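Look at the model first, then read the points below.

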Amino acid sequence: MPRTVTVGFDGSPESRAAVDWAAREARLRALPLLLVNVWEPVPEPMGRSPMLGPSAQQGWAEHGVTSVGPGARQILRDAADEVRRRHPAVDVGLEQLTGRATEELLKAAVDAELLVLGSHGRSGVAGLLVGSVGLHVAAHTERSVVLVRAGESADDEHVRDPSGAGPAGTPFRPVVLGLDAAHPDGTLLRFAFEAAALRNTALRVVHDPGHGSPAGRGPHEGTAPDTAHGQGDVLGPAGALHAFRQEFPDVEVVEESPPGKAADHLVAASREASLVVVGRRVRHSPLGAHLGPVTHAVLHHAAAPVAVVAHS
């Protein structure tokens with residue numbers, strides 16, 4: 001069985017944008033799309049209280065849905081039907097799960113090529129940190145995760161036509177990669193090059209070999225890298241970036257090594273990007289940070305969808 005592009009759907013505006021993005025990505029990758037809803041039960045009095053967040057109310061309560069039943073399943077089927085209407089070339093499946101959202105989504109990611117979530121994923125209770133579900137899943141799965149903001153559309157991924165026309169026929173904006181020049185990981189590089197190749201667009205590589213890790217390394221993962229060593233690894237004739245340039249000769253690579261904070265540069269670059277790609281080193285310890293400070297900042301502030309690629 002082929003892997004799927006799997007997307008979490010909860011009826012919120014964020015998840016609807018994620019579903020549409022995931023459908024476009026599934027079409028690019030020629031993979032099936034799987035819509036997953038996780039019903040996370042809350043006690044009945046709590047379900048009737050103001051603690052239920054606005055996204056939950058919009059997506060479920062207005063339909064009179066209070067448990068997994070015909071109403072909940074119909075909302076999921078309606079979403080799948082809408083995807084089929086808008087993207088007829090995409091094979092769409094759906095799955096209804098019950099349990100803790102973070103745990104069930106982590107399980108769903110195991111069989112996925114890519115997991116897509118709304119950037120403000122909810123657990124059903126407004127008191128939890130905004131984006132806590134998406135952040136937790138991105139920090140703990142070993143699959144690549146893309147987080148998509150509410151309102152994200154196909155138009156935002158493409159270069160604007162001066163005539164004001166839509167994205168049809170206009171090229172994709174570049175893919176932006178935040179790279180730790182001292183420790184360039186092949187999994188991260190391959191994901192970014194493939195994303196650029198699928199979109200027939202340039203890859204804009206932002207790295208800072210003298211001052212740490214645009215790819216998201218946290219303080220617990222070491223000190224600042226040696227500048228000369230980092231530059232040799234990335235830019236030299238035997239370097240990792242050079243090897244992928246040889247493998248993907250049609251991908252134009254634009255390298256930038258600006259001074260200042262890596263997160264600031266990546267957030268600024270995201271305003272003209274179709275996708276931002278950052279890395280996360282896999283850690284199996286339950287303690288300590290699993291997302292570096294740069295990756296965390298990019299997830300909160302980027303203007304484009306963000307792919308978090310787990311690597312060793």
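An axis here is a line fitted to C-alpha atoms, for a helix over the stretch in contact. Keep in mind that this is a predicted model.

**Helix 5 and helix 6**
- Helix 5 spans residues 101-110, and helix 6 spans residues 132-140.
- Their axes come within 10 Å and cross at roughly 40°.
- The two helices are therefore oblique to each other.
- The crossing of helix 5 past helix 6 is right-handed.
- Helix 5 brings Ala101, Thr102, Leu105 and Leu106 to the contact, while helix 6 brings Val133, His136, Val137 and His140.
- By class, this contact has 5 nonpolar and 3 polar residues, with no charged ones.

**Helix 1 and helix 7**
- Helix 1 covers residues 13-29, and helix 7 covers residues 186-199.
- Their axes also come within 10 Å, but they cross at roughly 85°.
- Angles of 65 to 115 degrees count as roughly perpendicular, so that is how helix 1 and helix 7 lie to each other.
- Trp21, Glu25, Leu28 and Arg29 of helix 1 meet Phe191, Leu198 and Arg199 of helix 7.
- This contact has 4 nonpolar and 3 charged residues, and no polar ones.

**Nonpolar cores**
- The largest nonpolar core holds 45 residues.
- Leu33, Leu35, Val116, Leu177, Phe193, Leu203 and Val277 touch the most other members of that core.
- Beyond its neighbours within four places in sequence, Val277 is in contact with several residues, among them Val175, Leu188, Phe191 and Val309.
- A second, separate core has 33 residues, including Leu105, Ala138, Ala139 and Val306.

Note on methods
Residues are numbered from 1 along each chain as its sequence is written. This is a predicted model: local features need pLDDT of at least 70, side-chain atom pairs count only at pLDDT 80 or more; totals for chains, interfaces and linings use all residues. Side-chain values use heavy atoms; hydrogens and water are left out. Axes are lines fitted to C-alpha atoms, for helices over the stretch in contact, and angles run from 0 to 180 degrees between N-to-C directions. Helices (H or I, at least four residues) and strands (E, at least two) are DSSP runs, numbered from the N terminus. Angles under 35 degrees count as roughly parallel, over 145 as roughly antiparallel, 65 to 115 as roughly perpendicular and the rest as oblique. A crossing is left-handed if the near helix is turned anticlockwise from the far one by less than a right angle, and right-handed if clockwise. Contact means heavy atoms within 4.5 Å. Ala, Val, Leu, Ile, Met, Phe, Trp, Tyr, Cys and Pro count as nonpolar, Asp, Glu, Lys and Arg as charged, and the others, Gly among them, as polar. A nonpolar core is a set of buried Ala, Val, Leu, Ile, Met, Phe, Trp, Tyr and Cys residues joined through side-chain atoms within 4.5 Å. Buried means under 20% relative accessible area, exposed over 50%, partly exposed in between (1.4 Å probe, protein chains only).
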